[in-house]
Amino acid sequence: MNILLILAVVFGTLVLVRLANVAAIASKLSEENEAAEQESANRWNSIGMLTFLIVGLITMFYLINAYSPLMLPVSASEHGVAIDNLMSVNWIVLIITFLITQILLFFFAFKYKFNKNRRSFYFYDNNKLEAIWTIIPTVVLAALIVTGMREWNDITNKSDKMEGLKIQIYAKQFVFTTRYTGADKNLGKTNFRLITDANPIGVDSTDKASADDIISNELVMPKGGEIELVINSRDVIHSVYLPHFRVQMNAVPGMTTRFFFKPTMTTVEMQKETKNPKFEYVMLCNKVCGVAHYNMKMPVRVVEMDEYNKWLKSQPLVFPLATDSTTAAPTATIAAATTVLK
Amino acid sequence: MEVTPNKHIAHSAHDDAHGHADGHHDHDHDHDDNFWSKYIFTTDHKMIAKQFLNTAIFMAFLAMFMSLIFRMQLAWPDAKIPFLEDIIGKWGKDGKLDPGFYLALVTIHGTIMVFFVLTGGLSGTFSNLLIPLQVGARDMASGFLNALSFWFFALSSVVMLISLGVESGPASGGWTVYPPLSALPQAIPGSGLGMTLWLISMVLFIASSLLGGINYITTVLNLRTKGMMMTRLPLTIWAFFITAILGVLSFPVLLAASLLLVFDRSFGTSFYLSDIFIDGAPLDHAGGSPILFQHLFWFLGHPEVYIVLLPALGLASEVISVNSRKPIFGYKAMIGSMLVIAFLSFVVWGHHMFITGMNPFLGSVFVFTTLLVAIPSAVKVFNYITTLWKGNIQFTPQMLFGIGLVSTFITGGLTGIILGDSALDINIHDTYFVVAHFHIVMGSSAIFGMFAGVYHWFPRMYGRMMNKKLGYIHFWLTLIGLYGTFFPMHFLGLAGLPRRYYAFTSYESFDALININHIVTVFAIIGGLSQLIFLFNFYYSMRYGKKSVQNPWKANTLEWTAPIEHLHGNWPGALPEVHRWPYDYSKPGAPEDFIPQTVPFSETPESNTPHDQ
């Protein structure tokens, strides 16, 4: 890597040396040479335009090809696959547009270089052409808007319809914590004024629903489960970013945000898919939240349902010692209470 | 057209035309040789333009230098950067960049580039220089307010520079300064005194921008010379005019957002704060919403993108037409599309907030309005391309930058269609894809427009020519540097790499991407160093450049009818009269391939069309 740095410095120095030469030469040029000089500049720069176009396009396709193995693997969530498909459709439209416009731009620049024996075509308006390039983009964009909105509605409208497997993600400066529901399928209320070292997310112990809540420092999800992330923050804005699942939602202090999705591949399956036995999902903080923002993350695993249940049992309750208090009723009572609530 | 400038004639003519405006010009010319009145407390729009430009060049180099420091950190996170400690002191101990200062660098880089370079520098320079000269006015409607606008800008720059030196560090929550991070010094050291200075600086900046904007609008509407109908204005003026309106309508909202943030920070209010537990204690703030700030910020923030971009597009329109020796294609469509873009820019701000927890239905509305922006943008692109078609292109440096602008405007604009699609935004929001997008569409295009403007109007500003060969080298290295820096960033973003990360070393899945970061940084260094060529050329030519002729590019617009020497009032005799639109290039039948706006149709029977008169 240092070689690159040195190369860059050497290159820069060379440029500066060359520059001084050019300035010296240029100052000697007299005015008679100006027209000839401009003609030569026109020639070289128009060739430059064509060269840039060709080399640029080749480089672009080379990079797309070379970097495709580095891109995110196939989506590990149901909606993520739809997003990826939508993305592909968009890319096709955009790359075609990109090619047409850039090729016309640089090719015309190459072709119509100055010639003193020629006049430009005095062509300043044409309603038909203007209509063409207003209507075609409109139609194409209408298609993109409609498909994009449909996808967006599918992803976001779930919050009204479904009851997911609630998992709270609680963010504070540089740590994520997760909270799972117990048998009652509900998370107890939280209040930031109740936060203590022993109760880092301020769960309200007087809320019945909190008695069987489970706390963890990793995000484990069952494959095929309808997950409802319940996202909160206690200090600044963070963002829950799960790139492998095409999931992202900000964690905002003072309000609750949600994201519904369904993981479709276990960690093991993804390891096979990526042919990388060390592959692990990850959750990152993706909204600048302080000095150690770049290290704020949480391990993520997707496992089969029975393994998930087993794992959940092994995790501590939010109020592990509260068995004798009135708030933490025996499991059977909670189950009964839940039934009543429903 | 060699006219000996006669200041007394100039002033009497001036006073005839604008006797109502001011008496201070008479006062001014008595002190023409005084350094203070000529360079510092001037009210002459041409000098103010130069003040803006030189300040912006200084700020741009500073911000670019910052970007090179953090680019090196990103490419070689484990390396020790030599001399770093000598440059930035305790923030670079032993050649290691401090993670907090990294955030400060990206924050101040963004702030300086967006506001001080591409808003103050671009609009400030060229609106000031060109509005009076191209509409045929003696000066701005109010020279005093104009001078005040620059001095607010200068003061604001100074405050921003001071903030770099405070002990707890400059503002470091990103240029968007989202609270609560920016409101709580407990959350990040930069939110202490550094943030206070940032806010003071922005308030001064907004004052500067409003004073400038009001002046630009008034001048365009009221001080056009005889015959200069709105439909005969060069597209540069239309662009500055629309930009000024955008600024006047949107900057006050940023002022409101900033003031509320000041209240939250210093006076215990809770506009943006609620339910916060930090530093081992709950805060008393209750009932506010951080999302409110984002709405207010982006209500400015999105029009701001066009405040940056439209002047660049206007400059490019003029430069491309002049150097293609061809009328700009679709003059009215160009104006129309700018108006549509300007209108839409006020109803798309929510696309910055798709994943903040904003109501998803609102998200859909913003997808719709956002993607509509692509239509007028496409019209503009095709009009530029058609202007080149069958043109007769003189490859001057400004023309190259004009073509470069169209190219980056296309490249960056297209990725905007992806980011504006909320469903697709979910996974690339706040990744390097966004960084790539806006640096290409807004950063590169705007700076290309600015360079095109500087090369084209340098003779108008300094009476000398910039060196073309250096200009060519500067262009090609800049073009390659910019694409080499920002194009590979798309891949980083698609691989899920978050922006504003100090290092990626603790993420194994990102290890393979370090190669891309090397490429990006090397090209950034190339692009950065090549700006030294420009710097040299600019200041060298100012002093030693070849003397300019009055109309070096054979252009039609009014500024080239004024004498090379700068004088108050611009034209020594009466103001020029305008008889035609500014784009009569290569008109069939005309002896020359250009007909200045001052030439009446009666003098050009050979080229008149039935259409004319």
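Modeller: **A sheet in chain A and the helix across it**

Helix 7 (residues 305-314) of chain A lies across strand 4 and strand 10 of chain A, and runs at about 140° to strand 4 of chain A. Here helices (H or I, at least four residues) and strands (E, at least two) are DSSP runs numbered from the N terminus, contact means C-beta atoms, placed from the backbone, within 7 Å, and angles run from 0 to 180 degrees between N-to-C directions, with axes as lines fitted to C-alpha atoms, for helices over the stretch in contact. This is a predicted model, in which local features need pLDDT of at least 70 and side-chain atom pairs count only at pLDDT 80 or more, while totals for chains, interfaces and linings use all residues. Residues are numbered from 1 along each chain as its sequence is written, and chains are lettered from A and ligands numbered from 1 in the order in which they are written.

Strand 4 of chain A pairs with strand 10 (residues 297-303) of chain A in the parallel sense, over four bridges; two strands pair if DSSP finds at least two bridges between them. Within this part, Leu219(A) has Val300(A) in strand 10 of chain A as its bridge partner.

The open sheet has five strands in chain A, in the order 4-10-9-6-7, and its pairing is mixed. Strand 4 (219-222) and strand 7 (247-251) of chain A stand at the edges with a single partner strand each, so one side of each is left without a neighbour in the sheet. On average, neighbouring strands of this sheet are turned by 20° against each other, direction ignored.

Notes:
Two residues are in contact if their C-beta atoms, placed from the backbone, lie within 7 Å.
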